[in-house]
Structure formats: structure tokens, C-alpha cells
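Got the sequence and the 3D view open? Let's work through a few questions together.

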Amino acid sequence: MYLLTILTFLPLLGAIALVVMSEKHVKSIKQVALLTSALTFLLSLGLLVKFDSNTYAFQLEDKQNWIPQLGIGYHMGLDGISLWLVLLTTLLSFIAVAYSMKVDVRVRAFLACLLTLEAAMIGSFLSLDLILFFVFFELTLIPMWLLINIWGGERRAHAANKFLIYTFAGSIFMLVGIVFLGYLQFKATGKMSFDIVLIQEQVAQGKLWANALQAEPFIFWAFAIALLVKTPAFPFHTWIPDTYSESPIAAPILSSVMVKMGTYGFLRFCLPLFPDALPNQTPILITLAVVGILYGAIVAAVQPDMRRVMAYSSLSHMGFVLLGIFSLTRIGMMGGAFQQLNHGITATILFLLIGFLYQRGGSTLFKDYSGLKSQMPIFAALFLIAMLSSVGLPGTNGFVGEFLALVGAFQSAYAGQFAIGIVVVAVFGVVLAAVYMLYMFQRVFYGEVVRAENRSLQDLRAPEIGLACILVAFILWGGLAPNTFMTPMQTSLDATLKMATAPATMRPYWSSESVEAKKLPAPQHKRVAMISKAGS
């Protein structure tokens, strides 16, 4: 009954346990942190056993009163959109903690921050009350700021403060939007509530925005700005290069999940709650996505540091996620939702391998490495697989997500939702990704070993190979059998699409009385059918 609550707060309990332990017991601290993250991951696998992919109903719900006087509740639930994001969070958190076993400075605080960040991200993906979501959303800022500011590089203070200011400033807009939605819910029903299930019911019936249509675009952008900052998307991305280049490697590994809170927010909030604003706002977001794809790829190609390449690469790849989501097509939204999982896996293995290299060579600058293919053949082979996933080679997970997102965008463009030239330009982002990734691989692994220190670099050890191979398995699994991951998401994504595009009173809503009522009928509404036909 309380599986989601236990899953959310288990890492936080582990962090508290670390805090009360003596700093002298370093080995025990590391063991407790690793055990906590492993147990959390194993517990999250139970979600797959319990999950029913045939309904868009929220499952395993835990609903309690929190501050009833203000309409604030503790409401947790799981659907196909959040399922894989929770599992991604627990998997990558375990990998981040395992990678951090070599940390020797303020170990207790470092690992406590990682576990706290994990708890906050899981809570964000499971929260169904807007205030509860906002609490978890903001809680991620504290441990990430500490990780950068204490264990980061030379410019760590600048990077940490920039990260905090950007993300917190964006969140203020969302808080204003949340309060306004609660007020509109009160006007529509006579009862204050921030529960998205109840709010979306009023939206689906055409009641919430009936007397506030002019305000809907402004509230939409109050959410969108906060989520674009977190994603990150152009032009709200400038915090991420410094964050990735100055933070300890474990932080960007978990940030690979944290940025998904932005795209998740678009699927969970912006599409179901603001359907009337979408037709006019979608072209703007599509344009920002495409600009981000090209800008990120071009700037990544001229970076001197592998970590900054990864930062701008993330900007470019997350642009494909946004492109798929806001195509508002069945295939495009699936591509966007799947690509956010793929990016989490691919970015993590690349950061993990860059971290292993940093532990050996003390640098992530291109000028400090060359000829490592012969020096570290296992490392080179694993890096090659990760690189091919990043450029979207068929047979890897990266190909499936980006391909579906582009196909969905073409369908929407042919249906007249936005100019088809925008999508054509986005295709060049795939080409540019190959340019900067191949350039990075060529600089690091080919040529002669120039630095004398690099001649003594050791190849990966068995535990390091094991961590990397876990992610390689998902790269190949997602590329060769993508339906394993897409099928559980399909019903929830279909429902979200209809919530966003169907006329009022014809939209499905989460608060139906029975689970059976939340199994979507086969026929599509007029707009979805029109887009699908044009795409065919």
C-alpha cells in the first residue's frame, strides 16, 4: 500500500543514517550508502511486477491529508510516463554512489547529498499534488548546490551559484502558476485543491478555464519557463556548461535524471492542464527545441573539454525530446518520452567513462590525451559503444527515440501545425552530433601518446567494466527491443495526447470512478486522426 512512499523516502532515511554516523567510519559509511541505493533500485523493480500497462489510471496511489485547510495533500501515484523515470533514477543513483566509492573528502556529506538528491527526484516523478511536486522539485537544488560548491573544480562557487539562481528563479514562475491553478479550482468547485487529478477533471470538462481563457497562456508559460530551465532548453541553458564542467562526476550522472524533470513536467502538467493554450504555443516551443538542437551541436563541436561537450550535447539531445513531445502526435510523443530515457542512459555512461579517465589522468581536456586506444583498449571499446548511441546509430537506443521524434514532427508539420522547414533543419542536428562525437573520439583515442604520464594509464578494472556494461546492456536493449520500454508508456501517452488535443467534454480524465473506465477506446479523435493521416 505504501510502496511509493517507501521508495521515495528510503534514500532519505539512508542519508539521515549517514549523518548520524561517525566521520571516522569511512568504510561503513560507504557500505551503508551503497546498500541503501541498491535496496532502492531493487525495490523499484517491484513496480514492474505491480504495473498494469493497459490503463492510464494512476496506480499504487498513496493519498493522505497534509494541509487540508489550504487544499494541500500528500498524493503519490504511478503511471506509464513516470514508471521508467523512477527506475532510471534508482539505477543511475546506484551507479553514481558506486562510482563515488573513491571519494575521500567529507565522504559522509557527499554520499548523503547523493541519496537526498535521489529521494527528491523520485518524489518529483511520483507527486500528484502540485505543492508536493514543487517541494520535491526545489529539494533537488540543495544537494546539487552542495555537491558543486564543496566538491567541484576551481570555479565551483560561480557554477554552484549560477545553477541555484537560474533554477530557483525559474521555479518562482511555476509557483505563481500553481497558486493560480489552485485559485481557479476553488472558483470552479468551491473547494481549494492542488491535486492535479481533480484539477485536470475540471479542465477536461471545460470548466476550469471557462472564465479565464485569456489567462491560460500566461499560466502555461509560468510552468513552461521553469521546466525549460530545468530541461535545459535554449535560451535557458546557460547554467549547464559550468555545472557539468565544475561539479564532481557523480553530480552530472544524477543530473542526467534531474533534467528529465523538465520534460516530465511538460507531459504531466503542460499538456493535460493547458489544452486551449497549446495550439498557439506549440510552434514557439518547437522553434526553441530546434534552435537548441542546432546551437547545442555547433557549440559542442568547438569545446576544449569533454565535460563541456557533454553539456552542450545534452542541450541538443533534449531538444529532440521537446520536439517529439510538442509534435502532439502519437509517434512523436512516444519518441520524445523514449528519448528522455535513452539520453539518461547514454549521457551517464559517457560521464562515467570520462570520470574513470579523470581519476587516472586528472584532466578532461582534449589537449591532455591522445592515442588511448592502444593504451586502454577496453575503455576505448566501451566509449565507442556509448558514442555510437549518442550519434543515433541504428541498433542502439539513441536511434529509436530520435527517429520517432522526427517522424512525429514531420507528421505534425504535414498536418499544418508548423512549418515543415523547421523539422528539416532539426535533421541536421543528427549530422552535427556525429561530427562532435567522432571528433572527441578521434582526439582522445587516436594518434600518438604525447604526454609521458599517459603511458602508464591503466585500463578499466573489473568493477568499472561491470558498471559500464550495465549501461551498455540498456543501450543495446533499447535499440534492439524498444517495445520493452515503449509498451508500458503507450496507454498513458495516448491519454495525455487526448487530454491535450481533444475538444472539451471529450477529453479523458484521471478521476474516472473505475480503472476499467481508464482504458482508452480504439478510435482517435478528429485532430489526432488528421495528423496521423497526413503523416502516412
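Q: Which helix gives the most residues to the nonpolar patch?

A: Keep in mind that this is a predicted model. The patch sits on the surface and is made up of Tyr 414, Ile 420, Val 424, Phe 428, Val 431 and Val 435, with about 560 Å² of accessible area together. The top contributor, with 5 residues, is helix 19 (residues 420-445).

Q: Is Ile 420 buried, partly exposed or exposed?

A: Ile 420 is part of helix 19 and belongs to that nonpolar surface patch. Buried would need under 20% relative accessible area, and exposed would need over 50%. Ile 420 comes in at 32%, so the label is partly exposed.

Q: Why does helix 5 count as largely enclosed by the rest of the structure?

A: Let's look at who is tucked away: Leu 130, Ile 131, Leu 132, Phe 133, Phe 134, Phe 136, Phe 137 and Glu 138 are buried. Helix 5 spans residues 130-139, and it is largely enclosed because the buried share is 8 of the 10 residues.

Q: At the start of helix 5, which residue's side-chain oxygen reaches the backbone nitrogen of Ile 131?

A: Check the start of the helix for a side chain that reaches a backbone nitrogen. An oxygen there gets to within 3.0 Å of the nitrogen of Ile 131, and it belongs to Asp 129.

Q: How far is the backbone nitrogen of Phe 137 from a polar side-chain atom of Ser 124?

A: Ser 124 is in helix 4 (residues 107-126), and it is buried because its relative accessible area is 0%. Its contacts include Phe 133, Phe 136 and Phe 137, along with Met 261 and Tyr 264. Between the Phe 137 backbone nitrogen and the polar side-chain atom of Ser 124, the distance is 3.4 Å.

Q: How far apart in space are Gly 206 and Pro 503, C-alpha to C-alpha?

A: Start with Gly 206, which is in the loop between helix 8 (196-204) and helix 9 (216-230). Along the sequence, Gly 206 and Pro 503 are 297 residues apart. In space, C-alpha to C-alpha, the gap is 8.7 Å.

Q: What is the omega of the cis peptide bond from Phe 234 to Pro 235?

A: Pro 235 is in the loop between helix 9 and helix 10. Pro 232 is also found in the loop between those helices, and the bond from Thr 231 to Pro 232 is cis, with omega near -15 degrees. For the cis bond from Phe 234 to Pro 235, omega is near 0 degrees.

Key:
Residues numbered from 1 in each chain as written. Predicted model: local features only at pLDDT ≥ 70, side-chain atom pairs only at ≥ 80, totals over all residues. Heavy atoms only, no water. Patch = residues over 30% accessible without salt bridge, like charges linked within 9 Å, V, L, I, M, F, W, Y side chains within 5 Å. Areas by Shrake-Rupley, 256 points an atom, 1.4 Å probe, with all protein chains shown as cover. Salt bridge = Lys/Arg side-chain N within 4 Å of Asp/Glu carboxyl O. Helix = DSSP H or I, 4+ residues; strand = E, 2+ residues; numbered from the N terminus. Buried < 20%, exposed > 50% of the residue type's maximum accessible area, 1.4 Å probe, protein only. Polar contact = N/O pair within 3.5 Å; in protein donor to acceptor, adjacent residues only side chain to side chain. Contact = heavy atoms within 4.5 Å. Lists of a residue's contacts leave out its neighbours within four places in sequence.
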